[in-house]
Amino acid sequence: MSAPVVPEYDPASPYGGDPLEVDVNLQYTGLEFHYIFLSFCAFIVWLIIPGIGLLYGGLARRKSSLALLFQSLLVVAVTTFQWMFWGYSLAYSRTASSFIGDLTNFGLMKVGVAPSPGSPLQPEIIFCLYQLLFCACTVQIVIGGSFERGRILPSLIFAFLWATIVYCPIACWTWNANGWLYNLPSLDYAGGGPVHQASGWSALAYAVALGKRKHAGEKSHAKPHNTTLVFLGTVLIYFGWFGFNGGSTLNGTLRSLMAAFNTNTAACFGILGWVLVDYIKTKGKFSVVGACEGAIAGLVGITPAAGYVSVWLAALIGFLTAVICALCQDLNKWIRIDEGMDVFKLHGIGGIVGSFLTGIFAQTWVSHLDGATDASGAIDGNGIQVAKQLAEIAAIAAYSFSVSFILLMILKYIPGLHLRVSEEAEMIGLDLDQFVDEQIGDWALFEQHALESVQGSHGHGAAGVLSGLSSGNQSVHRTVEEAKGE
């Protein structure tokens with residue numbers, strides 16, 4: 001039995017044919033399982049989006065956690081618009097430069113069922129959706145830098161602009177066939193650079209631009225309010241990552257299966273690594289949040305390497321990434337920032353570790369499981385690959401931090417925009433300040449928590465805040481002002 005013919009892209013028919021005149025499905029006859037597989041991967045990648053929202057919501061204090069859940073949906077909505085408007089074209093247009101795409105596919109022009117620029121086995125429309133979800137997840141990770149003090153509307157404006165001038169160029173460098181990192185080549189299977197390093201360094205810029213949170217001596221400061229939400233968010237992220245890494249081969253070959261196995265392996269050994277560090281540091285105690293962070297660190301570390309390494313090397317990468325990230329537990333104190341979601345620690349540092357180790361451990365036999373790719377690292381005698389990985393790390397770190405910081409400074413000084421909430425809003429919580437009569441949990445507990453927060457900052461004269469809480473945001477603001485006056 002002869003193998004199915006792989007379809008070829010025809011520039012004269014960029015949409016893949018007129019379905020009123022020809023059967024556009026025929027070009028994929030015998031190859032349907034490839035795009036069915038990628039479709040499934042795309043659908044489970046979507047679960048990472050609410051997963052990040054739940055994770056962030058659990059890590060935040062309860063009075064500001066709803067804002068993070070809300071933004072998990074708003075960010076994917078804004079990013080979808082950006083991607084359809086010009087994001088996809090800036091990242092993946094076939095006529096891109098070495099640094100950024102052009103507007104050939106502006107408004108998804110010429111994006112249909114023709115073979116995609118990523119793989120001829122994938123219709124461009126599903127490739128476009130899959131890459132959209134990568135962008136949405138990355139932008140949402142960055143928003144973690146606004147932790148408990150960033151206003152929602154400016155963060156959504158920042159999300160659109162950041163996706164345009166940071167994510168899309170870096171994705172073009174890394175994954176577009178014309179990109180300079182693609183042709184160097186640096187090895188980045190599923191996003192160690194565009195997703196993790198870029199989001200980590202950009203979240204650091206966000207935290208620096210906003211400054212530290214106000215600390216009035218609350219015991220809840222810098223402590224997760226709900227470990228269950230953290231656990232549930234991590235589970236969704238973990239599950240979605242099988243699609244994130246498993247689908248990045250862009251085909252249904254054995255390399256995809258190896259990448260999926262490596263994903264679970266690295267996450268599990270990441271858990272073991274982080275829990276071990278916690279156990280030693282606390283002299284025999286455990287942490288559920290630590291185990292969740294270990295899983296994410298392992299997933300971050302294996303992302304650039306999943307389709308390049310064998311299973312035991314994946315275990316080593318996951319373990320080392322988690323141990324290094326766990327040892328950076330006091331990073332905020334060392335560099336004097338307030339990046340409470342650990343985005344820089346997990347994604348920035350974890351992404352660097354993963355990309356560096358990819359250059360060391362990439363194996364040709366693993367990459368060739370798809371029947372076409374030959375990529376090797378130092379372990380296979382290609383020592384220069386380590387230097388190429390370092391070039392990727394330096395370029396992405398410098399570009400993402402500097403451009404993000406400049407963008408935030410511009411937004412910060414636009415009259416009326418205000419990146420950061422007022423001191424009063426921060427004290428009572430983002431949820432009460434920016435939402436209509438909604439919050440997480442029982443209102444009675446929230447009222448008690450708010451009263452204690454105000455009393456801790458301004459003395460016992462703030463008792464009237466309780467009545468304000470039941471009368472809406474304006475009343476809360478009035479009672480806070482009265483408390484400050486007393």
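Trainee: How far does helix 2 reach from its first C-alpha to its last?
Mentor: In this predicted model, helix 2 covers residues 48-59 and reaches 16 Å end to end, close to the 16 Å expected for its 12 residues at 1.5 Å a residue.

Trainee: And how many of its residues are buried?
Mentor: 11 of the 12 residues of helix 2 are buried. Among them are I48, I49, G51, Y56 and L59.

Trainee: What covers the buried residues of helix 2?
Mentor: The cover includes helix 1 (32-45), helix 3 (65-92), helix 4 (124-143), helix 8 (227-246), helix 10 (288-302) and helix 13.

Trainee: Helix 13, then. Where is its kink centred?
Mentor: On G350, with a bend of about 25°. Its 19 residues, 343-361, should span 27 Å at 1.5 Å a residue, and the end C-alpha atoms are 25 Å apart, so the two agree.

Trainee: Is helix 13 mostly covered or mostly uncovered?
Mentor: Mostly covered, with 16 of the 19 residues of helix 13 buried.

Trainee: Switching topic: what volume does the largest pocket have?
Mentor: About 960 Å³. The lining has 41 residues, and G118, W175, Y182, L250 and T373 lie nearest the centre.

Trainee: Which helix gives the most to that lining?
Mentor: Helix 4, with 4 residues. Helix 5 (152-175) and helix 15 (384-412) each supply at least two.

Trainee: What classes of residue make up the lining?
Mentor: The lining has 18 nonpolar, 17 polar and 6 charged residues.

Definitions and conventions
Residues are numbered from 1 along each chain as its sequence is written. This is a predicted model: local features need pLDDT of at least 70, side-chain atom pairs count only at pLDDT 80 or more; totals for chains, interfaces and linings use all residues. Side-chain values use heavy atoms; hydrogens and water are left out. The expected span of a helix is 1.5 Å times one less than its number of residues. The bend at a residue is the angle between axes fitted to the seven residues ending there and the seven starting there. Buried means under 20% relative accessible area, exposed over 50%, partly exposed in between (1.4 Å probe, protein chains only). Contact means heavy atoms within 4.5 Å. On a 1 Å grid over the protein atoms alone, a cavity is a set of points where a 1.4 Å probe fits but cannot get out, and a pocket is an open set with protein on both sides within 12 Å along at least five of seven lines; lining residues have an atom within 4 Å of a point. Grid points are joined across faces, edges and corners, and a volume is the space filled by probe spheres set on the points. Ala, Val, Leu, Ile, Met, Phe, Trp, Tyr, Cys and Pro count as nonpolar, Asp, Glu, Lys and Arg as charged, and the others, Gly among them, as polar.
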